[in-house]
Amino acid sequence: MEMELNAAVTVQTLIDVFTVSGIVHYGTAGSSNDSMSFGDVSVPKFVAYTSAWTWKKFKSPKESDTELSFGDFTVPNGGENLLGALKFRNEELYSVGKPMKEVFWLPVDSAWFKIAGGLKVTLERCNDTFCLPTTPKVVCGLKGSSADMFLDNAEYRKFLFREFGVSTVDEESAAVVMTTTSPGIPVIVFRGVSDLAGGEPTWSSTSLMNLASINALKVAVEFIATVGKQKSTMSAGNLIL
């Protein structure tokens, strides 16, 4: 829980100390979607916290389609597993002037997301040591997830994509979006793909990891410039990255 907690505390401190008009959050992520590769930048429309779960009693009946049954992963052919199953929990969202509600998917700001969808950014294909076979792309409208772990497991990667439609996995985005959503401050997320979260790479990910950071930053900077050109009420002094 450390990464999520630290991210949430940092954002809350910024909101408490500064006059914040919006949060532009960027960084790297693993890909759980085979259509995304190294250097691509995802602009998710929704993010979820997928480390909140409850262990179920052994042999208890299935309650939802998105439960994770460990027996499904018993090798070689599946079967009963004493670990049983777990179910994913919703988060409690407290918003100013609204009653608490339980949520699983957290949306980014709709107006900012629309602006991000119109960005024209040429991403970097090469670094000092390696070049990708094709130029990375910016993809808008997918789903992202956050958890307090670095995901490097092919089967769990497939599970997240199959059950939740999650395309990127990271350790902070959900905390940033939830903390910002509570007081009603706009937020947007840009995540560059730095690894395949346990998938099989066709080339060395180590040589390309910095491209994810570079490309996510390029998209974030272009977004800020575009918002400024549209004469938004925010200024460079109160936009926190």
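Author: A cavity is a set of points, on a 1 Å grid over the protein atoms alone, where a 1.4 Å probe fits but cannot get out; lining residues have an atom within 4 Å of a point. The model is predicted, so local features need pLDDT of at least 70, side-chain atom pairs count only at pLDDT 80 or more, and totals for linings use all residues. Residues are numbered from 1 along each chain, and side-chain values use heavy atoms, without hydrogens or water.

Reader: How much space lies in the largest cavity?

Author: The structure holds one cavity of 30 Å³ or more. Volume here is the space filled by probe spheres set on the grid points. For the largest cavity, that comes to about 40 Å³.

Reader: Which charged residue lines the largest cavity?

Author: The lining divides into six nonpolar, three polar and one charged. Asp, Glu, Lys and Arg count as charged. Y156, L160 and V169 are among the lining residues, and so is D170.

Reader: Which elements each supply at least two residues of that lining?

Author: Helices (H or I, at least four residues) and strands (E, at least two) are DSSP runs, numbered from the N terminus. The elements are strand 11 (143-146), helix 3 (154-164) and strand 12 (166-170).

Reader: What unit do strand 11, helix 3 and strand 12 make?

Author: Strand 11 and strand 12 pair in the parallel sense over four bridges; pairing takes at least two DSSP bridges. Right-handed means that, with the strands pointing away from the viewer, the path over the helix runs clockwise. The three elements make a right-handed β-α-β unit.

Reader: Which residue of strand 11 stands opposite A48?

Author: Strand 3 (residues 46-49) also pairs with strand 11, in the parallel sense over four bridges. Opposite A48 stands S145.

Technical notes
On a 1 Å grid over the protein atoms alone, a cavity is a set of points where a 1.4 Å probe fits but cannot get out, and a pocket is an open set with protein on both sides within 12 Å along at least five of seven lines; lining residues have an atom within 4 Å of a point.
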